[in-house]
Amino acid sequence: MLARRLGAAAITWVAAAIAGAQSVNIDFDAGAGPGAGSPTFGGAAGQAGVWNTVAAAGAGPFALVTVSGAAGPSLSRAGNPPAAFAFDNGNTTGQFGMLLDDVTDLGTAGAVDLTISNLVPGRYRVYTYSIQPDSSIARTNVTVGGSTSPNPQTVGGAMPVNSFVAGVTHAEHDVVTSTGAIFITAAPSVGFCGVNGVQAALVHPRRVYVRPAAVGTADGSSWLNAVTSLETALAMARDSGGVVQEIWVARAVYTPTNASIPGDARSVVFTLPSGCAVYGGFLGNESSLAQRNVAANPTVLSGELGDVEEPGDNAYHVVVSGATGSRLDGFTITGAYNNLNELGGGIRMTGGSLTIANCVIRNNEVEAAALAGVGGGLLAEAGSLTVITSTFLENSARFGGAISNTAATCLLENLWLLGNRATLAGGAVHNLGNATAVNVAFSGNTAGGAPSLQGGAACANSAFLDLINCTLSGNGGNPNAAVLATNPFGTTGARIAVTNSIVWGNPTAAIFGVANVSSSDIQGGYAGGGNFNANPRFVDADGADNIVGTLDDNLQLRGASPCIDRANNAAIPLDTADLDNDGNTFERVPLDLAMRNRTRDDPGMPDISIGGPLADVGAFEFQGTSCRADRDGNGVIEPVDIAVFVNAWFFGITTGSTDSDFERDGDVDPADIAAFIQAWFGAIANGCPAS
């Protein structure tokens, strides 16, 4: 059944699993022979390989090796003190006799407990040999802890001729171990009780390892024995019934080969299984997730199938997920070109629940034709989607160059959305579902090929799009394409809410349509409680290359930014994605886009935040101490700072800018000049800070 379901790749894996590196063969030797030592003898499991010869009596622990000869597992024995017993049964010769003709004998009372430890966690088929070689009457009850098979099973009867019969020579149990330990109990049912040996055959490990070059047995149970195909690992997870919970993938470029449409070579795709987390970013020797370095070990899932200069031969999608409880973490997803159905490029989510983390989704395209063409980097059609700590770079589509959410419930948190393009609306994000963006930086995204189309950064056609502690700079496109757009096509039910956010330095208007805006820095101003209109003092909005929408853009705040300590802290949402990985999802999001403390107080700035700890407006939290009197930001208090301030004050009087609102009361008036002069002299006398 397994081979029919998975095809040739699965047949290879099944053969490898039979000789798995974490499977063990054990024969209890009563002293009458050398034990079943031949590596060609497979026993009832068909599991050829090294056999461990263990004394029939004694508590142990006894050191074991796997069928491939690797050290690590061990066996312990407890319970009724066993004795050794051997009988030369005429029906068994050679290796059959060595295994079945001697036993750990328990007599007619008591029980023995066997513990095999230090195996790879996963699903095992356990074969327990419990026939008395001199009796056709004796029966043994065999119980395996956590078995999904009938439990206990009774073993015994007349010895068959050099063969194995379940229920006569042995019991067969299926068990999943999360700890790598298997517990077996043997007790008498009729007459004498005994155990001749045990085989534990690994069927599915809990974690499957993938690396590009084969080294060991290729059963996926370790880096040494990794499978070489990501698709093989994904198939193992799908077939395991939920046993495989993680896949670890070493650095390399992986290209899908399994076609989802028969005869269409471009329909190849990686399909995520339910209940499984797929992690990239490994060098190939790590033992914990904390040891991986995603940046140093790029793990690329690529849709480039042929000529790198010709997108027309690329895969339509790179990753597809309709599963529940899936996670994609630590990958670069690139090279999709969808001109087939125009529904999603790099990643297409059709339902279920998916978390994407620590990924770079770049250079994926959905052809902009007809009225489709949605979600160049990612399309969420249904279900529940969480995207955290990731970057979307230079993806394109007709709607939603980076992300299109057509029906899902969607959380976007701690993201960089850079240089994405929509030929119509929603340069980075196109929303028809319910979406919340937290700590997201939008830079260099563009939209609009016609004057009526909108949303250089984001567009909400229907449902709601909430932006909390976001920064939007350098987004544009068509001169009439506002940075944010609500309901540009006359549909109903669309809503945009902007809170604790910065919309500044964009070449087009801030907002098209109606939005609820509060506690935000909006260039040109916008109605709403706590809003202001002041240069946020970005470190370097277009980076060293002087191009917006690239990886060197720096939208962090300089000292004395008017955005410091000014957020509505009550609007910061709960940490449902557990951004700081502390297990507490009932606290408010504790980190900013740079993964630093979100509520860090700047002692050089007056505290006017609303609702508690001193969070900043925008995606980044300033971590230093401001010197407010240093108006030109050169680190020196000098007369030129007065000139800079006075110029800003007159500019604010005439335009409504609040750059020179030194009192931070929302008004630019003569009192601000007095407050600045006082701070300037204080800084001259005492050094900064001077609030």
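# Briefing: strand pairing and overall dimensions

Three bridges connect strand β3 (residues 62-65) with strand β4 (residues 71-79), and the two strands run antiparallel. The model that contains them is predicted. Its protein chain comprises six helices and 49 strands.

- Strands β3 and β4 make up a hairpin in which five residues lie between the two strands.
- Within the turn of this hairpin, Gly69 adopts a positive phi of about 95 degrees.
- Gly79 has Val112 in β7 as its bridge partner.

**The parallel sheet**

- An open sheet is formed by nine strands, with parallel pairing, in the order β18-β21-β25-β29-β32-β35-β38-β42-β45.
- The edges of this sheet are β18 (270-271) and β45 (511-512), each of which pairs on one side only.
- Inside this order, strand β25 (residues 347-349) and strand β29 (residues 378-380) are linked by three bridges in the parallel sense.
- In this pairing, Arg348 stands across from Leu379 in β29.

**Dimensions of the chain**

- The radius of gyration of the protein chain is 33 Å, whereas a compact globule of 691 residues would have a value near 26 Å.
- The C-alpha trace extends over about 110 × 60 × 40 Å along the principal axes of the protein chain.

**Burial, contacts and surface**

- Buried residues account for 54% of the 691 residues in the protein chain; the criterion for burial is a relative accessible area under 20%.
- Of the contacts between residues at least 6 apart in sequence, 70% connect residues that are at least 24 apart.
- The protein chain has an accessible surface of about 24,800 Å², and carbon and sulfur atoms contribute 55% of this area.

- The protein chain carries 29 positive and 58 negative charges.
- A distance of 4 Å separates the mean position of the positive charges from that of the negative charges.

Terms used:
Residues are numbered from 1 along each chain as its sequence is written. This is a predicted model: local features need pLDDT of at least 70, side-chain atom pairs count only at pLDDT 80 or more; totals for chains, interfaces and linings use all residues. Side-chain values use heavy atoms; hydrogens and water are left out. Two strands pair if DSSP finds at least two bridges between them. Helices (H or I, at least four residues) and strands (E, at least two) are DSSP runs, numbered from the N terminus. The radius of gyration is taken over C-alpha atoms; the globule rule is 2.2 Å times the number of residues to the power 0.38. Buried means under 20% relative accessible area, exposed over 50%, partly exposed in between (1.4 Å probe, protein chains only). Contact means heavy atoms within 4.5 Å. Accessible areas come from the Shrake-Rupley method with a 1.4 Å probe; for residues, only the protein chains shown count as cover. Lys and Arg count as positive and Asp and Glu as negative; His and the chain ends are not counted. The place of a charge is taken as NZ of Lys, CZ of Arg, CG of Asp or CD of Glu.
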